[in-house]
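User: Hi! Could you walk me through this protein model, one piece at a time?

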Amino acid sequence: EKSGVAPSYLLGTMHLSDPRISRLSTRQQDLIAHSKSVALEVADLSEKAVGDAMLKAGHLLVYTDGRTLNSQLSDDEFKVVQRIVKKAGMPEQSSALIKPWLISMLLATSDCERKQVESGAKVLDLQVALEAQKNGLTVKGLETIEQQLKSLASIADDQQIEMLKVGLKYADRTDDLMESIVQMYLRRDIGAAMPFQLALAAESGVPASAFDGFKTALLSDRNVRMRDAAEPLLQDGSAFIAVGALHLVGPTGLVALLRERGYTVTAVE
């Protein structure tokens, strides 16, 4: 809220199709229906849009300088990587060339989530987009898929490897780990997700500093970019903005950044 303009709404999402998360409440549907604009992190989340962006950004996804992933991991760790790549429907022989951040992304998708999406279930962000379109609204993006990929790839190589090692250690517990984070979200305690990740890293012998690049590139820097892109919509009033809930929390989160710009941000649940 800000004096002189109609209030806007900021929804923290999880990019999951889990029905406990992805069903829009009657109030959320009503707010979207009465909005002047609706924005997500990315305007077009279709499989084609993501696929096209990844094709254009091939150099961000794979090693092209002679390095290989298997040379940076133990034999047991690389076997897990091969299993993950195969499960994702990618050629297993490409495993050695895929950059660590992409393997970490594949690893973060639980078997439960993969099955739900394959059956046609839609993630919460897509549900927001569909509701907007149903009401004749064009969905705007606060950033592009290409910008997201560049942010992921910008994390220092050694930190990418360290983070991947943590994920590989818990590869057989992905469903359990995701359920833990879902419970944090449902309790409105998503700020615990990063400390939870750092605790797992400590158990694996990986220092918290290995996640510094992730926190800067994937959270702090992107939060500023999304805040700047959201401001024209907020100034116009009656905007409905939905982004990953992790972007809302902490001193560099969107809530704090919007308050710095003179907005009153109040929890409505």
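User: Great. What should I know before we start?

Analyst: This is a predicted model, where local features need pLDDT of at least 70, side-chain atom pairs count only at pLDDT 80 or more, and totals for chains, interfaces and linings use all residues. Residues are numbered from 1 along each chain as its sequence is written, and side-chain values use heavy atoms, with hydrogens and water left out.

User: OK. At what angle do helix 3 and helix 9 cross?

Analyst: Helix 3 (residues 47-56) and helix 9 (residues 145-153) cross at roughly 50°, and their axes come within 9 Å. That makes helix 3 oblique to helix 9. Here, angles under 35 degrees are roughly parallel, over 145 roughly antiparallel, 65 to 115 roughly perpendicular, and the rest oblique. Helices are DSSP runs of H or I with at least four residues, strands are runs of E with at least two, and both are numbered from the N terminus. An axis is a line fitted to C-alpha atoms, for helices over the stretch in contact, and the angle runs from 0 to 180 degrees between N-to-C directions.

User: Is the crossing of helix 3 and helix 9 left-handed or right-handed?

Analyst: The crossing of helix 3 and helix 9 is right-handed.

User: Which residues in helix 3 and helix 9 meet?

Analyst: On the helix 3 side they are Ala-49, Val-50, Ala-53, Met-54 and Lys-56, and they meet Ile-145, Glu-146 and Leu-149 in helix 9. Contact means heavy atoms within 4.5 Å. By class, the contact of helix 3 with helix 9 has six nonpolar, no polar and two charged residues. Ala, Val, Leu, Ile, Met, Phe, Trp, Tyr, Cys and Pro count as nonpolar, Asp, Glu, Lys and Arg as charged, and the others, Gly among them, as polar.

User: And how far apart are the axes of helix 9 and helix 13?

Analyst: The axes of helix 9 and helix 13 are 9 Å apart, and the two pack at an angle of about 145°. Helix 9 passes helix 13 in a right-handed crossing. From helix 9, Gln-147, Gln-148, Ser-151 and Leu-152 meet Ala-217, Leu-218, Arg-222 and Arg-225 in helix 13. The contact of helix 9 with helix 13 divides into three nonpolar, three polar and two charged residues.

User: Let's move to helix 10. How many residues does helix 10 have?

Analyst: Helix 10 (residues 157-169) has 13 residues. From first C-alpha to last, helix 10 reaches 19 Å, close to the 18 Å expected at 1.5 Å a residue. The expected span is 1.5 Å times one less than the number of residues.

User: Which residues in helix 10 are buried?

Analyst: They are Gln-159, Gln-160, Ile-161, Met-163, Leu-164, Val-166 and Leu-168. Buried means under 20% relative accessible area, exposed means over 50%, and partly exposed is in between (1.4 Å probe, protein chains only). The buried residues of helix 10 pack against helix 5 (75-87), helix 6 (100-107), helix 9, helix 12 (193-203) and helix 13 (212-236).

User: New topic: is Arg-114 buried or exposed?

Analyst: Arg-114 is in helix 7 (residues 111-118) and counts as buried, at 17% relative accessibility. Leaving aside neighbours within four places in sequence, Arg-114 is in contact with Lys-87, Leu-106 and Thr-109.

User: What about Lys-87, where is Lys-87 found?

Analyst: Lys-87 is found in helix 5. At 45% relative accessibility, Lys-87 counts as partly exposed. With neighbours within four places in sequence set aside, Lys-87 is in contact with Asp-111 and Arg-114.

User: Which residues have a positive phi although they are not glycine?

Analyst: Among them are Arg-188, with a phi of about 60°, and Ser-238, with a phi of about 55°. Most residues other than glycine have a negative phi. Arg-188 is found in the loop between helix 11 and helix 12 and is exposed, with a relative accessible area of 57%. Ser-238 is found in the loop between helix 13 and strand 4 (239-244) and counts as buried, at 17% relative accessibility.

User: Last one: what does Leu-11 touch?

Analyst: Not counting residues up to four places away in sequence, Leu-11 touches Gln-28, Val-128, Phe-240, Ile-241, Ala-242 and Val-243. Leu-11 is found in strand 1 (residues 9-13) and is buried, with a relative accessible area of 14%.

Key. A crossing is left-handed if the near helix is turned anticlockwise from the far one by less than a right angle, and right-handed if clockwise.
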